[in-house]
Amino acid sequence: MTEKKLPVFVTGDRPTGKLHLGHLVGSLTKRVEMQNSGKYQCFILIADMQALTDNAKNPQKIRENVLEVVLDYLSVGIDPEKSTIFIQSQIPQLSELTMYYLNLVTVARLERNPTVKNEIKDKNFQRDIPAGFLMYPVSQTADTTAFMAEYIPVGEDQEPMTEQGREIVRSFNAIYGDVLIESKSVLAGTKSCQRLPGIDGKGKMSKSLGNAIYISDSSEVVKKKVFDMYTDPNHIKVSDPGKVEGNIVFAYLDAFVEPDSFEKFLPEYKNLDELKAHYTRGGLGDIKVKNFLFNILENRLSPIREKRKYYEQHLDEVLEILKKGCAHAREVAADTLKKVRTAMGIEYFEDDGLIEYYKNKFNENNKN
Ligand code: TRP
């Protein structure tokens with residue numbers, strides 16, 4: 001009996017810090033949902049090699065965040081029974097595959113990748129871009145194609161990687177034969193989830209900008225950050241009319257309100273539209289809205305915190321999960337590499353055709 005293989009998804013994160021609420025609504029929740037649907041084979045990687053491409057001189061930071069990210073995964077509901085969690089650097093096949101793919105892209109194409117371009121600007125590399133950094137989209141293509149991923153659940157900033165990945169797959173298949181699969185990004189449901197702003201209202205939530213709420217932040221810290229959030233600077237008295245656009249508290253409510261949130265925490269309103277209308281009209285204070293948001297976040301984060309605490313106290317279990325995950329990922333990747341090398345004609349010791357070719361060649365020569 002042949003078992004029908006489920007489609008694969010591959011995704012992951014760089015271990016440069018703990019994961020934050022932007023990750024939670026922008027990607028983690030979607031992954032957990034896909035995992036729990038039972039319709040996919042799930043591979044989730046800690047992209048330590050990618051993190052090193054711009055942190056070569058700071059390996060300690062990467063090393064110390066690998067387990068933090070795994071703990072974040074486990075605490076939000078990534079289930080090692082259903083998903084393979086692994087560390088990129090422990091799968092040598094990914095580096096090998098990257099090397100083959102590098103010949104299929106040009107430096108000019110790498111320089112055009114909009115996400116990489118933005119990062120180069122943000123990191124102020126000027127002329128000193130590490131070569132490894134410029135080519136990380138190629139390595140990311142190895143991460144996904146090594147497992148024959150059809151889907152890549154990620155934030156929208158990763159779409160250029162997926163796009164570049166598809167180009168590499170197309171050129172590989174055109175040259176060497178149909179071996180690889182093209183992948184599609186899967187974005188989280190709503191716009192408000194895909195671009196969660198930082199608490200300062202100055203841009204996207206990001207650890208480097210220091211405007212993030214972390215998934216593992218304590219209740220006190222979350223409360224402080226919610227009460228520090230940027231709202232409408234002209235909404236001074238409760239009676240003043242307020243602006244909802246650009247108001248970070250409302251941006252968070254858009255991303256986090258659940259169907260039963262009002263019933264549970266703010267029963268005088270039926271839904272978010274009603275709340276926004278009252279705020280816009282005037283007569284609704286920031287404190288009340290912030291308290292509502294805080295309650296919603298607490299409701300979401302407290303079970304996550306509990307789960308994290310369990311794993312923090314059972315690190316042996318976590319290491320075992322990772323070891324198993326890496327072993328399984330290596331096996332699957334090795335299988336792909338076998339196909340890739342065979343297609344490229346570099347599987348020399350299992351290539352009867354090649355020996356045949358030489359035998360004919362030298363026999364021909366001997367006849368003359
Ligand atoms: N580039 C992703 C990030 O910055 C991390 C990543 C590495 C990734 N390899 C991947 C994401 C493969 C999806 C699939 O978060």
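A polar contact is taken here as a pair of N or O atoms within 3.5 Å, where within protein one atom must be able to donate a hydrogen and the other to accept it, and residues adjacent in sequence count only if both atoms are side-chain atoms. The structure is a predicted model, in which local features need pLDDT of at least 70 and side-chain atom pairs count only at pLDDT 80 or more, while totals for chains, interfaces and linings use all residues. Residues are numbered from 1 along each chain as its sequence is written, and side-chain values use heavy atoms, with hydrogens and water left out.

A nitrogen atom of the ligand lies 2.8 Å from a side-chain N or O atom of Gln-158. Gln-140 likewise places a polar side-chain atom 2.8 Å from a ligand nitrogen, and for Asp-143 the corresponding distance to a nitrogen atom of the ligand is 2.7 Å.

The shell around the ligand comprises 14 residues, the closest being Arg-14, Gln-50, Gln-140, Asp-143 and Gln-158, where a residue is near a molecule or strand if one of its heavy atoms lies within 4 Å of it. Strand S1 (8-13) and helix H8 (136-145) are the elements that give two or more residues to this shell, and S1 gives the most, with four; helices (H or I, at least four residues) and strands (E, at least two) are DSSP runs numbered from the N terminus. By class, the shell holds five nonpolar, six polar and three charged residues (Ala, Val, Leu, Ile, Met, Phe, Trp, Tyr, Cys and Pro being nonpolar, Asp, Glu, Lys and Arg charged, and the others, Gly among them, polar).

The volume of the largest pocket is about 1500 Å³, given as the space filled by probe spheres set on points joined across faces, edges and corners. Its lining numbers 47 residues, and helix H6 (114-122) contributes the largest share, six residues.

One cavity of 30 Å³ or more is found in the whole structure, and the largest cavity has a volume of about 80 Å³. Gln-140 is among its lining residues, to which helix H9 (159-176) contributes the largest share, five.

Note on methods
1 Å grid on protein atoms, 1.4 Å probe; cavity = no way out; pocket = protein on both sides within 12 Å on 5 of 7 lines; lining within 4 Å.
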